[in-house]
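These are my notebook entries on one protein structure. I record below what I looked up, entry by entry.

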Amino acid sequence: MRKGLIVLLVAAVAVAFALPAMADVTPKNLNVSGFYRAKAWVSNFHGVAGTSGASSLAKDPATAAYVEQRGRVKFDFGTENVKAVWFLESDMNFGDSASIVNRNQGGALSGDSIQIETKNLYLWFKVPDTSLDFTVGLQNQSDPYAGVFYGGADLAGIFMTGKFEPVQFKLGWAKLYENLLQKTDDATMYVAEVNLLPATAVSLGLNFMYLTDDTGAASGINLKLNPGNDVAPGPTSALANYKVDLYTPGVNATFKAGPATLSGFAFYQFGTAESMLPGGTDIDVKAYGGDLRADLKVGPANVFFEGLYLSGDDKDDEYNAPVTLGDYQGTNTGSGGNSGYTRTRMQILLASWDTINAAQCLVGCSGGVYGDSLGLQGRGLWHVAAGANIDVTPKIKVEANAGYAAAVKMLTADPGFKDKDLGIEVNAGINYNIAKGLDFGLYGAYVFLGDFNMVSTTSDPEDLWSGYARLNYAF
């Protein structure tokens with residue numbers, strides 16, 4: 001008994017001496033953040049099987065009712081000058097499956113599935129005694145054009161930012177797809193952005209993007225260019241056996257005047273998709289786009305008005321709509337979702353600002369009926385929207401938005417589209433803050449479909465609607 005007490009005492013003393021040493025190896029500079037989100041849906045569009053093509057717009061569509069959830073956790077390891085960042089994600093639908101190895105699943109009875117994904121993994125650091133910082137690795141980046149080309153896109157590369165007052169700048173290189181390691185047969189993007197701040201109320205950005213794609217007929221990667229002579233235009237049609245070089249200069253600006261803020265951008269894109277097939281036809285890319293937005297305070301409401309225009313045409317030897325990273329879809333480049341124009345707060349007409357798994361819309365998202373790219377497969381797009389949100393109380397916020405979209409041109413090979421009109425969306429939502437970081441919301445959207453959707457394989461498709469309850473906890 002006495003020996004046992006001595007052994008216990010020695011162990012206790014050893015632990016006491018070890019505690020300070022253990023504290024030294026405990027991560028003192030670890031920061032954890034993220035969110036949990038669940039959405040309960042009722043819709044004749046979101047979550048309905050088969051909504052990945054125009055023919056899925058039906059006269060009597062099924063009604064879906066389901067619950068989806070997403071969790072994201074971000075780990076920051078390091079100090080204020082250097083950090084390693086690991087961003088994890090887990091998605092599933094309630095009751096979908098269990099005990100499997102598959103992404104975006106695992107919510108059925110027993111769970112026990114392996115589906116945690118690495119969203120981002122990168123190193124960020126500052127260069128001592130300079131204004132420069134670098135982000136190296138798989139990271140999230142957006143363009144200066146509200147996400148028209150790439151918004152919230154995950155890509156691997158090296159990006160540098162810095163400032164020399166009154167100038168801020170960004171230089172970046174991203175490898176979109178690595179084909180054979182010993183050859184120049186990849187898809188690579190280079191970006192340069194310079195932001196001038198001549199006054200506190202004014203900013204002007206000068207930007208340049210270069211996309212070079214030498215993948216040719218590489219398996220698993222497809223650039224969705226659809227010239228006018230494409231026999232089957234649509235989100236599944238790809239231009240294979242090509243070499244693409246695209247140049248995109250542009251500007252963006254912001255001007256504040258009292259309660260109003262005006263912002264906008266404009267760009268021009270040019271280049272060539274060079275055929276690698278004997279006797280093949282080269283395609284010249286000549287496209288442009290612009291956007292103008294006004295944000296202002298009207299009484300208790302925050303109001304916006306916005307208009308977006310992206311060129312298009314029906315020429316056989318040219319592609320006159322902007323080529324975006326949303327035009328990349330394939331086995332080795334994901335299923336799209338690389339464009340991210342969401343600031344007009346649409347839910348169905350364009351990509352939603354609140355997507356989890358139900359990434360479905362008419363155009364501009366990974367599950368778009370007409371593809372992920374806002375270029376609408378060469379037709380071009382114009383879109384106008386307006387909206388308002390009001391803080392009714394410190395805990396209750398309401399919003400309402402409306403938008404219209406249409407094609408700019410019709411392709412010569414269009415299979416029976418009747419008109420350019422995509423439709424009109426109206427949506428609204430209310431959010432209640434239950435506690436710090438915890439919110440509950442109710443949202444709904446309705447789209448009055450235009451005649452663009454009435455193709456020869458579809459007879460008078462029914463208007464689209466969605467409604468969902470949303471629980472979100474940010475930590």
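**Entry 1: the disulfide.** I began with the cysteines and found that Cys 361 is joined to Cys 365 by a disulfide, with an S to S distance of 2.2 Å. A disulfide is a covalent bond between the sulfur atoms of two cysteines. I looked up the count, and it comes to one disulfide. I then asked which hand the disulfide of Cys 361 and Cys 365 has. The torsion about its S-S bond is about -120°, so the disulfide is left-handed. I also noted that both Cys 361 and Cys 365 are buried.

**Entry 2: confidence.** I must state that this is a predicted model. The mean pLDDT of the protein chain is 85, and 81% of its residues reach 70 or more. Among the elements of the chain, strand β14 (residues 301–310) has the highest mean pLDDT, 98, and helix α1 (residues 2–25) has the lowest, 44. Over residues 1–26 the pLDDT is below 50, and this stretch has one contact in the model beyond near neighbours in sequence. I found a further stretch, residues 226–237, where pLDDT stays under 50; here the model has 35 contacts beyond four places in sequence. Where pLDDT is low, the predicted coordinates should not be read in detail.

**Entry 3: the nonpolar cores.** In soluble globular proteins, nonpolar side chains tend to be buried together. I asked which residues of the largest nonpolar core touch the most other members. They are Val 148, Met 189 and Tyr 370, in a core of 54 residues. Apart from this core lies another, of seven residues, including Val 48, Tyr 66, Tyr 443 and Tyr 468. I listed the contacts of Met 189, leaving aside its neighbours within four places in sequence; among them are Tyr 150, Trp 173, Met 209 and Leu 325.

**Entry 4: Asp 143.** I located Asp 143 in the loop between β5 (133–141) and β6 (153–164). Is Asp 143 buried or exposed? Its relative accessibility is 8%, and the cut-off for buried is under 20%, so Asp 143 counts as buried. The side chain of Asp 143 reaches the backbone nitrogen of Tyr 145 at 2.6 Å, and a polar atom of that side chain lies 3.0 Å from the backbone nitrogen of Gly 147. Beyond four places in sequence, Asp 143 is in contact with Val 148, Phe 149 and Tyr 150. Finally, I noted that Asp 143 and Gly 340 are 197 residues apart along the chain, while their C-alpha atoms are separated by 9.3 Å.

Notes: Residues are numbered from 1 along each chain as its sequence is written. This is a predicted model: local features need pLDDT of at least 70, side-chain atom pairs count only at pLDDT 80 or more; totals for chains, interfaces and linings use all residues. Side-chain values use heavy atoms; hydrogens and water are left out. A disulfide is a pair of cysteine sulfur atoms within 2.5 Å. Buried means under 20% relative accessible area, exposed over 50%, partly exposed in between (1.4 Å probe, protein chains only). A nonpolar core is a set of buried Ala, Val, Leu, Ile, Met, Phe, Trp, Tyr and Cys residues joined through side-chain atoms within 4.5 Å. Contact means heavy atoms within 4.5 Å. pLDDT is the predictor's confidence in each residue, from 0 to 100. Helices (H or I, at least four residues) and strands (E, at least two) are DSSP runs, numbered from the N terminus. A polar contact is a pair of N or O atoms within 3.5 Å; within protein, one must be able to donate a hydrogen and the other to accept it, and residues adjacent in sequence count only if both atoms are side-chain atoms.
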